[in-house]
Amino acid sequence: MSEPESRPQVPYAEDAAGIPAYRQVVDLLDRLSPEERARRVASLDRYFRRKGITFCVYGAEGGTERLIPFDHIPRVISGTEWDLVERGSIQRVRALNAFLADIYGTREILRAGIIPEAEVLGNELYCQAAVGVTLPHGVHAHISGIDVVRVGSTDWYVLEDNLRTPSGVSYMLENRRALQRIMPELFRSIPVRPVDHYPDLLLQALKDCAPAGADDPEVVILTPGAYNSAYFEHAYLAGRMQVKLVEGRDLIVADGKVWMETTRGMRRVDVIYRRIDDDFLDPKAFRRDSLLGVPGLVEVARRGGVTVANAVGNGVADDKATYLRVPEMIRFYLDEEPILKNVPTFRCSDPTERSHVLDHLQDLVVKEVHGSGGYGMLVGPASTAAEREAYRQRILADPSDFIAQPTLALSTCPTWTGTGIAPRHVDLRPYVVSGRTVGVAPGALTRVALRPGSLVVNSSQGGGTKDTWVVEDGQPC
Amino acid sequence: MLKRLAGNCFWMGRYLERAENIARTLGVVERLAHAPEHHRDPGPLWTETLMMCSDENQFRELGHHPTAGSVLEWCFLDRANQSSVLNCLGAARDNARTARHLLTNDSWEALNGAWIEMQGWHDRVAVEAHGGWEDACAWATRQCLLVRGAFLELPRDQLPQVITMGQMIERLAFTATVLQMSPITRSGEIECWPGSPLQRRTEAALAAAGGIDTFGRGDRGGVCPAEVVNFLLGDPVSPRSLLVCSRAIVECIVGLTDGESVHHARSLPAARDLVDRVCAAYEGRVEIVAAMAGIVTSIFGLSGIIARDHFEPASAA
């Protein structure tokens, strides 16, 4: 049953509460006739298709390239709120980078007993290849995506940290361009902080982290190839940063360096922004059957002949078990109190907490510790008895593989449903870039759960995206 | 630029040129088929077209018989035909996608937009809705020209050189094939009557090779077989002549390698040899039809040498 056409009222979503700019947005959209609105929405589709802004879904019917649904109603965040999210994200990434440098170095936090040694050294994502390596500026996570949600009108929580190969920034950038194209009148009246300089921030950070002695560092983006789900982003960033987009087969290791084969001979590579998972990065160091990686790359990186961004071994810091420890990391490394809160989390590895989880499956969201993309979760309130029983068995079989969190009353945002405007749950992913300094472009990727009542925002499971506006406080209605 | 991407862009150029050549030829033949000499038995005309634009054996093995409709659909739309206009555009687009970050937005969107539109063309019903075969072929030709035009805005580095190399290889091969197969090359006539079947075939050969507008602008007299053959062989200002195309390939190889012989040890001599063959045919030192067959074989050999010299990883050697 489709939702009835409704005259939009602000605020009709918690996210819109108290933000005058939403009224302006809705008023402007209201002035469009249904035909004009439909024409503009259709032109959005054409824009994305013509540009090839797609993602690949493996095994999906209807071809491999799909558009990510884009909602033309932007998410608006006040400057004050954004400053909080920005400071909190930067704080978090500084602590996580310090943690990574520490656990692959002198392990002070383990020695201090803040985190049990077994929790880190016994984590299957703890990477021996990263031990003892000192990286430029101590940066392991050059690009971090911190997923945050607002609960109620004021509280921001971190859902998860993404320190391996966080994706989605290209959609953040192109969503802005798309919306400027089809709704230019919105931007004439509402000053939105620009995000277009993100590729410059990123390139500078990557160059900052080049090996010593690389005067004019050659930066490349390493992609698995054109059939990878995020290939558009790899190509997009290479184009925006004016760097080469390489595959593993373009690179060779020789004389302690990495080289790429060009039409005019070999050229040295100094920084590799890799969008290949650790497992496939180097068949000599990890999976021997990988055809995507570069044999010998990890050893060159260990010896300082090349910088790999993000560094190998970051998975230990962004899995859901380590997530619990981040507030303690902030206190330990930065001597600060966390600005952003963690979602209360139960560890199934702990007998008491596991018992609570098993008794309250219908009320909780249970996730795999090493999972991602929204797959493998149990959303208790939306599950059947059979699904909960199956999940119970999985937990009992391997408790340390699972954590659980209460369902949050995630904020919602006005979203176009096709027939009217209705609230839909959203999250936010700011991208933190770490080089000599740590920075965030004043925007983020807003992911929206398009199905009514759904909490799953991942694009691979039917989620969409919105343009994210950071506006100055006190903008007139 | 990366060798792999240079190879992909080379093939993008080849597929785009191939799509344009085939689309243009189909449109030309569709018009020519209206002439009275083809009314009673259009089969030979369409068989010749099939041989020029496609793999005739594959066509027949699939149980098809050459008629206007079957050849048009096979050469324009059929996904089983690797060289159909649809598949060529798709292959060009796939190669372009791997080098998306090197192309300008305009050139990518022009190619991608054409490909997207053709995805909706499943059969002749879609073509009819577009105005018929001649309109569809003209549209496809125009799209390829637009993409080529957008390539003019690429930075003047190696990228346009590899694309041009691919285009010239394909153009050379196609024009040589037209000369090899067209009855005008054997006729040797230096005159033909206006409105005669021979004149129509001569104009059609010129149009299929993409030279009809350029020919008409020069002070060349009328459209007659000998003039047209000479024009397609060696006119120094026509972008379609074999001489201009083969020389362009030599220039591209030199430009690609900045003159360093270690990078073009085999491809440059092979390209120069091709220029010599074209000159020999143009100067009448060799029989043209046989020369064209040899040139087509040389061209594909040269393509392989270029790939080995410039696009294949040295580490694979």
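A: A polar contact is taken here as a pair of N or O atoms within 3.5 Å; within protein, one of the two must be able to donate a hydrogen and the other to accept it, and residues adjacent in sequence count only if both atoms are side-chain atoms. The model is predicted, and every distance below is computed from its coordinates.

Apart from neighbours within four places in sequence, A:Asp161 is in contact with A:Arg92, A:Leu96, A:Gly145, A:Ile146, A:Asp318, A:Tyr323 and A:Val326.

Elsewhere in chain A, A:Glu119 and A:Arg325 form a salt bridge in which the closest N and O atoms are 2.8 Å apart. A:Glu119 is in helix H5 (residues 117-121) and A:Arg325 is in the loop between helix H13 (320-323) and helix H14 (326-334), so this pair ties together parts of chain A that are 206 residues apart in sequence.

A salt bridge between A:Arg39 and A:Glu36 has a local setting. Their side chains meet at 2.8 Å, N to O, and both residues lie in helix H2 of chain A (residues 34-51), three residues apart, or about one turn of the helix. A:Arg39 has a relative accessible area of 46% and is therefore partly exposed.

Not counting residues up to four places away in sequence, A:Pro224 touches A:His234, A:Glu247, A:Arg275, A:Ile276 and A:Leu292. Its C-alpha atom is separated by 36 Å from that of A:Leu110, a residue 114 places away along the chain.

As to confidence, chain A averages a pLDDT of 89, and 93% of its residues score at least 70. Residues 1-12 of chain A have a pLDDT below 50, although this stretch has 23 contacts in the model beyond near neighbours in sequence. Where pLDDT is low, the predicted coordinates should not be read in detail.

The view now widens to the partner chain. In all, 28 residues of chain B are in contact with 26 residues of chain A. The area buried between the two chains is about 2300 Å², with 47% given by carbon and sulfur atoms. B:Arg4, B:Arg97 and B:His101 supply 31% of the area that chain B buries against chain A, more than any other three residues.

Polar and charged pairs also cross this interface: 17 residue pairs are in polar contact, and four salt bridges are counted between the chains. B:Glu109 and A:Arg50 meet in a salt bridge, their side chains being 3.2 Å apart, N to O. On the side of chain B that touches chain A, helices H1, H5 (85-98), H6 (105-119) and H14 (242-257) each supply at least two residues. H6 of chain B gives the most, with six residues.

Helix H1 of chain B, residues 3-32, can be checked for length. At 1.5 Å a residue its 30 residues should span 44 Å, which agrees with the 43 Å between its end C-alpha atoms. H1 of chain B is mostly covered, as 28 of its 30 residues are buried.

B:Arg200 forms a salt bridge with B:Glu37, with the closest N and O atoms 2.7 Å apart. B:Arg200 is in helix H11 (residues 197-208) and B:Glu37 in the loop between H1 and helix H2 (43-53), 163 residues apart, so that distant parts of chain B are linked. B:Arg200 is partly exposed at 24%, and B:Glu37 counts as partly exposed at 29%. Salt bridges that share partners also join B:Glu17, B:Glu20, B:Arg24, B:Arg148, B:Arg171 and B:Arg240 into one network. Over all chains, the count comes to 53 salt bridges.

How values were computed. Residues are numbered from 1 along each chain as its sequence is written. Chains are lettered from A and ligands numbered from 1 in the order in which they are written. This is a predicted model: local features need pLDDT of at least 70, side-chain atom pairs count only at pLDDT 80 or more; totals for chains, interfaces and linings use all residues. Side-chain values use heavy atoms; hydrogens and water are left out. Contact means heavy atoms within 4.5 Å. Helices (H or I, at least four residues) and strands (E, at least two) are DSSP runs, numbered from the N terminus. The expected span of a helix is 1.5 Å times one less than its number of residues. Buried means under 20% relative accessible area, exposed over 50%, partly exposed in between (1.4 Å probe, protein chains only). pLDDT is the predictor's confidence in each residue, from 0 to 100. Buried area is the accessible area (1.4 Å probe) that two parts lose on being put together, summed over both.
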